[in-house]
There are 2 protein chains.
Amino acid sequence: MNSQNITFTQPSFLQQGDTILIVAPAGIVKQPTAIEKAKETFENWGYTVIIGDAVFNEHYHFAGTDAQRKNDMQWALDHPTAKAIWCARGGYGSVRIVDDLDFSKFAKHPKWVVGYSDITVFHNKLHNLGFQSIHAPMPINFKEPWPAIDESMQQLNYILKGDLPNYSIPSNPYNQTGKVSGIVVGGNLTILENMIGTSTCFSTKDKILFIEEIGEYKYHIDRLLRALERKGYFKDCAGLILGDFTDTKQNYPEFGQSIEEIVLSIVEKYNIPVLFDFPAGHEDKNMGLIFGHEILMTVGNNSSSVKFSN
Amino acid sequence: MNSQNITFTQPSFLQQGDTILIVAPAGIVKQPTAIEKAKETFENWGYTVIIGDAVFNEHYHFAGTDAQRKNDMQWALDHPTAKAIWCARGGYGSVRIVDDLDFSKFAKHPKWVVGYSDITVFHNKLHNLGFQSIHAPMPINFKEPWPAIDESMQQLNYILKGDLPNYSIPSNPYNQTGKVSGIVVGGNLTILENMIGTSTCFSTKDKILFIEEIGEYKYHIDRLLRALERKGYFKDCAGLILGDFTDTKQNYPEFGQSIEEIVLSIVEKYNIPVLFDFPAGHEDKNMGLIFGHEILMTVGNNSSSVKFSN
């Protein structure tokens, strides 16, 4: 295990009064009130929240043209004092701007980039640049009375303040037991696969890989996972964490395997700990993960945990 | 242009009495009568046709278990006298067996591998091994009275006999004009993207890339094409041919671009000839292409052609 030797820059955790920037680098924001509610809530929690100029722009599928979204993201990356960039939503579009962004000012003023799903593009990019980032709910996830999202948003707030999580995960009979430490990295499966072979493909060597997915056929999930396997992602990694696989589509004939069986049919030969049912992804309960941060992953027969050490 | 210096082994063209093997390396064959009809037609055209043992097997999504499909494909690859391996259908499944196949006997007795869609996995593999292969209709495409498929099957027969095509393509106002020669390679977009960064990813340098797709959202097509771009597929290639984009799914909001506009927004900066509406892919008219073979691609304002030289 060499992952202890890899260090990723950890942006400063937030204090009362610190500034969070909301940007929309991907899909069109169809529920602007959710963004306003997110701003209001985080302001009530003591932060200053600034919504980027282009967040409510509309350009067909996207929250503004590529140029508008890129300019807003560049403004956020360059911001000299803000401590976090919170992506309004995912959808699709981050890959259309990521290669045109300049991270040189960001490197001088690192800040937390927060989001999931399509925002995996930025998590990958930041990982390769050597920065930690946060896989967590986004402003679009705000709904009243939000009983479920509330827990996840509170958790995001804890992480932003530097109170790092130690999650207990319910048992799944398909889990492969083991105890391993390593840098955690990952995100949405479709995006992880789409990055393979490009500048935003990362190494999983000695790392713990997290994967979630939404709205795909099982045969498509199988194909995506096999691309990761054929790239060596599972052979080299220290462990695997599976989050939500939400709204998997049905096709005929039946695929004949559960998500757990698909995953294990590909990874069990590598003899790594495998943890299913981590509560992160496209369900209401979406508990934050700090990518680029070391975790201790313990998968037992009766109890499992994911602990972020300070 | 260096592609003239690359040579791909050309299997022997077929003569009366030569043997064609039908195998099913991917999806379950739901219309066995189509396979029988294909066999009968090609027998009437003077060939011997042998259907592999596992073609009508059923294992959920697949035409038999991975082991059954692999064994059948291995039997076909190893066959000492057959001149062609004709894949019964696509669907999904080729990537699950391709890495476990042994091509050493095939290399001693090269034969044409014929198919499209999921069979792109084998086209890519064979391209990297240095063999030509044929992108053309499959046995599953047989339908009576098959007025459209008939032309494509006749064309496949011409190619198998070594009568190489010179196609005239109707004009599309989005075409980018130019005249270029190069080795043609490609296939299904989803599969091409899925191979990136793995052992079945190929170089497009100085080659002419052919792409077709079925049943995807435009934002997904955009994402797949951007993976190819970010891998350098368009920067290095000599030209681009777009086949059918069949049954593109609608989503809301509208993507805001036609397929032609999506493609050109990504490739126009590379200043290569781009030819739309080549009749190959998932429509009834699916005219054969010999991957790994040199073509002369001429895209004019009023007329365009794709010529395979002997």
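# Salt bridges and interfaces in a two-chain model

Between domain 1 of chain A and domain 2 of chain A the count is two salt bridges, a salt bridge being a side-chain nitrogen of Lys or Arg within 4 Å of a carboxyl oxygen of Asp or Glu. Over all chains, the structure holds 24 salt bridges. This is a predicted model, in which local features need pLDDT of at least 70, side-chain atom pairs count only at pLDDT 80 or more, and totals for chains, interfaces and linings use all residues. Residues are numbered from 1 along each chain as its sequence is written, chains are lettered from A and ligands numbered from 1 in the order in which they are written, and side-chain values use heavy atoms, with hydrogens and water left out.

**The two domains of chain A**

- Chain A is assigned domain 1 (3–160) and domain 2 (166–308); such bounds come from an automatic or database domain assignment.
- The centres of domain 1 of chain A and domain 2 of chain A, taken over C-alpha atoms, are separated by 23 Å.
- In contact (heavy atoms within 4.5 Å) are 32 residues of domain 1 of chain A and 34 residues of domain 2 of chain A.
- About 2700 Å² is buried between domain 1 of chain A and domain 2 of chain A, with 56% of it on carbon and sulfur atoms; buried area is the accessible area (1.4 Å probe) that two parts lose on being put together, summed over both.
- A:Glu151 and A:Lys285 form a salt bridge, and their closest N and O atoms are 3.8 Å apart.
- Across the interface of domain 1 of chain A and domain 2 of chain A, 11 residue pairs are in polar contact (both at pLDDT 80 or more). A polar contact is a pair of N or O atoms within 3.5 Å; within protein, one must be able to donate a hydrogen and the other to accept it, and residues adjacent in sequence count only if both atoms are side-chain atoms.
- On the side of domain 1 of chain A that touches domain 2 of chain A, the elements that give two or more residues are helix H4 (120–129), strand S5 (133–135) and helix H5 (147–160) of chain A. Helices (H or I, at least four residues) and strands (E, at least two) are DSSP runs, numbered from the N terminus.
- H4(A) gives the most to that side of domain 1 of chain A, with seven residues.

**Where chain B meets chain A**

- 38 residues of chain B and 38 residues of chain A are in contact.
- Chain B and chain A bury about 3200 Å² between them, and 52% of it is on carbon and sulfur atoms.
- Helix H6 (189–195) and helix H7 (218–231) of chain B each supply at least two residues of the side that touches chain A.
- H7(B) gives the most to this side of chain B, with nine residues.

**Salt bridges between the chains**

- Side chains of opposite charge can pair when their charged atoms come close.
- Four salt bridges are found across the interface of chain B and chain A.
- B:Arg96 pairs with A:Asp222 in a salt bridge, the closest N and O atoms being 2.9 Å apart.
- B:Asp222 forms a salt bridge with A:Arg96, with the closest N and O atoms 2.9 Å apart. B:Asp222 lies in helix H7 of chain B and A:Arg96 in the loop between strand S3 (84–87) and helix H3 (104–108) of chain A, so the pair joins two chains.
- B:Asp222 is buried, at 0% relative accessibility, and A:Arg96 is buried at 12%. Buried means under 20% relative accessible area, exposed over 50%, and partly exposed in between (1.4 Å probe, protein chains only).
- A network of salt bridges links A:Asp66, A:Arg69, A:Arg96, B:Asp222 and B:Arg226.
- B:Asp99 and A:Arg230 meet through their side chains in a salt bridge (2.7 Å, N to O).
- B:Asp99 is partly exposed, with a relative accessible area of 40%, whereas A:Arg230 is buried, with 17%.

**A pair within one helix**

- A salt bridge (3.9 Å, N to O) joins the side chains of A:Lys37 and A:Glu40.
- Both A:Lys37 and A:Glu40 lie in helix H1 (residues 32–44) of chain A, three residues apart, about one turn of the helix.
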